[in-house]
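I set out to record what I looked up in this structure, entry by entry.

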Amino acid sequence: MATQSDHWHRQPDEWVAIVDDDGSVRTALARVLRAEGLRVDTFCTAQDYLAASTSSNAPSCLVLDIHLGGASRMSGFELHDFLAESGVAVPIILMTAHDEVPSADLARRVGSDGYLRKPFECDAFVNLVRRTIRATASD
Amino acid sequence: MTCRGYDEARSCPRHAETRFAGVALIADEGAWMNPSDQIVIGTRGAIGRADASTRHHRVALPVLAVCVATFLGSQFGAVVRFPDAGSAILFPPYAVLTAALILSPPSRWWVFLFASFVGHMLTVSFADSLTVAFAASTELANFARALSIAGALRWLKQDRPRFDSLDGTAVFLAVAGLLAPAVGATVGATFVVSLGQVTPGPEPYWRIWRTWFLSNTIVGVTLLPLILAVFAHGHTFRRTVNGKRVAELSLLFGGLAAVSLVALVGSTLGAFDLPVRLYAPLPFLLWAAMRFGPATTSASLLIVTAFAITGVMNGLGPFARTPSDDGVLSLYLFLVFTSVPSLLLAALMKERLQVLAVLHDDIAERKRAQDALQSGEERMALAATSANLGFWAWNLRTDVVWLSDHGRDVFGLPMSFDPTCEHLIARVHEEDRQRVSEACADAVTRREPCEQEFRTVRDDGKQRWLSLKGRLEFDGDGIPTQMVGVVIDVTERKRAEIELQDRRQELAHLGRVATLGQMSGALAHELRQPLTAIQFNARAAQNILEKEEPDLAEVRAILKDIAHDDARAGEVIARLRSLLKKGVGQPTFEPLQLSAVVEDGLDIARGDVMARGVAVTTELESPLSPVYGDRVELQQVLVNLVLNACEAMGCNAPEDRRLTVGTTCDDAGFVVAYVVDRGTGIRPDKLEQVFEPFVTSKPDGLGLGLAICRTIVNAHRGRLWATNNPEGGATFYLALPPCA
């Protein structure tokens, strides 16, 4: 599957994983974060992400789109809930391009600051990622 | 009108029919001037149809009548004799037997011959002067006369004597007044001479022959036609002759009798005795011939004959001579020369009157036809005007177009102007002009009917819609000479059609707007994805370029991605625009591949389908017959069906949200698109109801989507319907007729 792990080895503590089924969005987000000096890996599906990550090797921040295309695929919510139930503590930023997804659903999972509705500002995104990483590091 | 033959007359209800010993006597009731003198006699009896007793009855009576008449006639002949020679001046049995033979089929002649013989023989027992041998010989002469006349008439195909034609009368007179008397005289004179019953004098044979001949001629031209006429129309006489005619006839006979009494029996009339006496009956005979006809003329001649004979037998009148026999002979000649022209004149008059009657009928018939035509034309013109219909005829040789008044009105042409085809084409709206011109030319070239609808522009600039139909007419060589047809002003209908079409298009447009509203979330998603990517790629490129050694290869890749995402967003907007297109007032129908329309529809609905996590399988057949339709409206129908199907599967497990969309061709040649879902299906009693307005299962729906879809499909002359699948869910079908 479309997995990019060119910066996997460099800074394990500032590793960002992006899961989005839209290739353009995935690549563009990754480019910006890399330009910020972050190590970024991108995944098309939740399953791809789960295959690449382990409990001992979790990203500092998981950027997760809610709609992951395909009826049989795991959605962003499902991955979030799965990780939470598995006891894997990964800071997650949820994204959606759909107006219909209730903010309450998003906030219940990641807090009122932890989600973004597309299209969002570049700076807002970078700041949110950095804030999340810092929060992880301070933990 | 007179029926020319027995068979014809039998089938004609206007004719009465009398049977006489198996002989049908038919008299015309409908004679134009004097029906009583119309005589048509048939001899093909229909005796076989009668039962035996009736048949015997019908034969016995005439036979008896002939027998009695012969007896009485012979008695009469025995009394009315030449004063000197002793032979009968007038011998009625000849007329009786001849009439019986003429009126009966040859197979029955022997009966009448026998009856006549018996009647004649009975005479012998009452008259002492007659010997059996003499009576027998005169009867044989009588047979010879009667048989020769009946036989000759049959041989000449005149077995139905016609006294209403000059030819028929001439033939009858030749046979009855010349041939038969000659035969009878020859046979009779031979017997009389051989029996030695000759009065003294020179040339006994020829003297006898001459008296017999003339005597029989008189009977043949007077009594015989009268008997035939009486049997032919006697039964209709009372019905067809009115009081006025009877009075005239009485006057005729009375006057003739009086004149004959004075002229032929009375004493001398002075210096002008002879011419006055001879010509006195003539006016009455002419009267009879001109006003009544052959039968009455015969009767009149008989009156003259009776008085003349009375005169000569009593030595009175113009024919009183010495010896008396010479007087009788001159009387005969007078009667012959009077009778023959009178009868011929009567026949000629009858013939002329019949021709006139036929002409009169023809003229009356033609007048009726003309009246009918004229009133038909008037009615047609009235109906045509009421129906807003104009007639036209385009002469292909002169190019001039004739138009009815209403046709001119429809084209807005002045009444005095005879337009050519070019003039009319020039009045057609410029957008339609070429099409109409080509259609007319094509119709002539291909020899096909022409049918066109087009706009015309009147002199005041107003537009009218006309519908024109025409077909070619050809000459004897198959070359088209003109095109004729009708033209009708359909402006009002067209206006209503266009208005209806506009309303429908507006409704369809509203439907699309509603669909877009329904799809707005998915469309927004589809736009937000590329917009987000573009924004982030632009920022990334900026960041790279701000470095001291920018990675230009990466920047190029980023720019390429930006261009790609921009195109993606552009496509979404284009789809949006196509659905929002209004298209009111424009003809938007074109030949389409339904499979391509289905693919477009799936593209439009893709965002929504994906958002709902529905997996789509397509079964598109290609190529199919093209259909004639509006691309956007048909896409709209497909999008509606797909979105409805996705919604129907909203409660399904993710793996059960499967949609099948396909196209095919049905047995009737219709092109069909189908959308199969795995939802909950439709209640059987609602399968048709779902297409009605405001019928919806959605809490927030208006229930107009499928109603609008059906309106669209109906406008495409297609069908839209739904069925439930055996394995669950519903299938919606859209069937469209293929392009002609």
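I note at the outset that the model is a predicted one. I then checked the two strands concerned: strand 1 (residues 15–19) and strand 3 (residues 61–65) of chain A run parallel and are joined by 4 bridges.

**The sheet**

I traced the whole sheet next. In chain A, 5 strands make up an open sheet with the order 2-1-3-4-5, and the pairing is parallel. Strand 2 (39–43) and strand 5 (115–117) of chain A each have a single partner strand and stand at the edges, so one side of each has no neighbour in the sheet. I recorded an average twist of 15° from one strand to the next.

**Helices on the sheet**

I asked which strands helix 1 of chain A lies across. Helix 1 of chain A lies across strand 1, strand 2 and strand 3 of chain A, and runs at about 170° to strand 2 of chain A. Helix 4 (residues 103–110) of chain A also packs on the sheet, where it touches strand 4 (92–96) and strand 5 of chain A. The direction of helix 4 makes about 170° with that of strand 4 of chain A.

**Chain A overall**

I listed 5 helices and 5 strands in chain A. From the N terminus on, I read these elements as β-α-β-α-β-α-β-α-β-α. Of the 139 residues in chain A, 42% are buried. Among contacts in chain A with a separation of 6 or more, 65% are between residues 24 or more positions apart.

**Contact with chain B**

I counted 20 residues of chain A in contact with 28 residues of chain B. Helix 1 (residues 23–35) of chain A gives the most to the side of chain A that touches chain B, with 8 residues. By class, I found 9 nonpolar, 6 polar and 5 charged residues on that side of chain A.

I located B:L301 in helix 12 (residues 294–313) of chain B.

In helix 20 of chain B, 16 of the 18 residues are buried, so the helix is largely enclosed by the rest of the structure.

Definitions and conventions
Residues numbered from 1 in each chain as written. Chains lettered and ligands numbered in written order. Predicted model: local features only at pLDDT ≥ 70, side-chain atom pairs only at ≥ 80, totals over all residues. Buried ≥ 20, exposed ≤ 12 C-beta atoms within 10 Å, placed from the backbone. Contact = placed C-beta atoms within 7 Å. Nonpolar A, V, L, I, M, F, W, Y, C, P; charged D, E, K, R; others polar. Pairing = 2+ DSSP bridges. Axes fitted to C-alpha atoms, helices over the stretch in contact; angles between N-to-C directions.
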